[in-house]
Amino acid sequence: MSAIALGMIIFAYLCGSISSAILICRLAGLPNPRQHGSGNPGATNVLRIGGKAAALAVLICDVLKGMIPVWLAYKLDIQPFYLGIIAIAACLGHIYPIFFHFKGGKGVATAFGSIAAIGWDLMGLVAGTWVLTVLLSGYSSLGAIISALVVPFYVWWFKPEFTFPVAMLSCLILMRHHDNIQRLWRGQESRIWQKLKKKQEMTDKEKLQAAKEQEQQDE
């Protein structure tokens, strides 16, 4: 491994460790997401406490955390295998952030950004797969799982030299969704529209508890 590749791996992990939710909430004058809503500093919780614009900004930043390191490494002609390691490092930073006691999310948006750096055509296919799965099934977690399963085949078709690194990244995402997979298998996972309907009938205490459970699933 070259010194440049090693440096990019460390850089990717540190980028992933930056909490977009906390920084954006501070800049926008919003409440600290660690102390309000579900307490989880992610786009879903920011949507609850700050609205769509702030949540969209968090989502974009989470995508960029994966896209920028991989894109830079790609431009530096780093070997495909190490590109995969760099992408995984960015996701691990999001999942286990060194700046926030190693407690983060599932890394889906950051993984999406890492794949987008390889090609916009791949990003479109992955996004389309996620949206179509969610619309047909109503399960946001299933959208992430199906996308992770099929993206190595997309990459193999368009840019086969990146198949193995992307497959490693997909395995990481699937491992982070093992609880969701078990709930889907048992029929215990809630559909999006079921959650929205239940919210209208919840008390404030129940809404807070549901927010915490939802954050654990989505972030």
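**Exercise 1. Which side chain does the side chain of H94 join through a polar contact? Work out the setting of H94 as well.**

Welcome! Keep in mind that this is a predicted model.

Step 1. Start with the partner: the side chains of H94 and K65 are joined by a polar contact of 3.0 Å.

Step 2. H94 sits in helix α5, which covers residues 80-95.

Step 3. Decide whether H94 is buried or exposed. Its relative accessible area is 15%, and buried means under 20%, so H94 counts as buried.

Step 4. List the surroundings. Leaving out residues up to four places away in sequence, H94 touches G16, S17, D62, K65, G104, G105, K106, G107 and T110.

**Exercise 2. Find the cavities of 30 Å³ or more and describe their linings.**

Step 1. Count them: there are two such cavities in the structure.

Step 2. Take the largest cavity, with a volume of about 160 Å³. Its lining has 20 residues, and those closest to its centre are S19, P41, H94, G104 and G105. Here H94 from the previous exercise returns.

Step 3. Ask which elements contribute. Two or more lining residues come from each of α1 (3-17), α2 (20-28), α4 (52-75) and α5; α4 gives the most, with three residues.

Step 4. Sort this lining by class: six residues are nonpolar, 10 polar and four charged.

Step 5. Turn to the second largest cavity, which holds about 70 Å³ of space. Its lining consists of V70, L83, G84, A87, S114, I115, I118, F162, P165, V166 and L169. Helices α5, α6 (108-116) and α9 (163-176) each give two or more of these residues.

Step 6. Sort again: nine of these lining residues are nonpolar, two are polar and none is charged.

**Exercise 3. Which members of the largest nonpolar core touch the most other members? Trace where the core comes from.**

Step 1. Recall the general background: nonpolar side chains tend to be buried together in soluble globular proteins.

Step 2. Name the members. Among the 35 residues of this core, I78, I86, I115, V166 and L169 touch the most other members.

Step 3. Assign the elements. At least two residues each are supplied by α1, α4, α5, α6, α7 (120-137), α8 (140-158) and α9, and α5 has the largest share, nine residues.

Step 4. Zoom in on I78. Setting aside neighbours within four places in sequence, I78 contacts I4, A5, M8, A73, L83 and I86.

Step 5. Finish with a separate core: it has eight residues, including I24, A43, V46 and A54.

How values were computed. Residues are numbered from 1 along each chain as its sequence is written. This is a predicted model: local features need pLDDT of at least 70, side-chain atom pairs count only at pLDDT 80 or more; totals for chains, interfaces and linings use all residues. Side-chain values use heavy atoms; hydrogens and water are left out. Helices (H or I, at least four residues) and strands (E, at least two) are DSSP runs, numbered from the N terminus. Buried means under 20% relative accessible area, exposed over 50%, partly exposed in between (1.4 Å probe, protein chains only). A polar contact is a pair of N or O atoms within 3.5 Å; within protein, one must be able to donate a hydrogen and the other to accept it, and residues adjacent in sequence count only if both atoms are side-chain atoms. Contact means heavy atoms within 4.5 Å. On a 1 Å grid over the protein atoms alone, a cavity is a set of points where a 1.4 Å probe fits but cannot get out, and a pocket is an open set with protein on both sides within 12 Å along at least five of seven lines; lining residues have an atom within 4 Å of a point. Grid points are joined across faces, edges and corners, and a volume is the space filled by probe spheres set on the points. Ala, Val, Leu, Ile, Met, Phe, Trp, Tyr, Cys and Pro count as nonpolar, Asp, Glu, Lys and Arg as charged, and the others, Gly among them, as polar. A nonpolar core is a set of buried Ala, Val, Leu, Ile, Met, Phe, Trp, Tyr and Cys residues joined through side-chain atoms within 4.5 Å.
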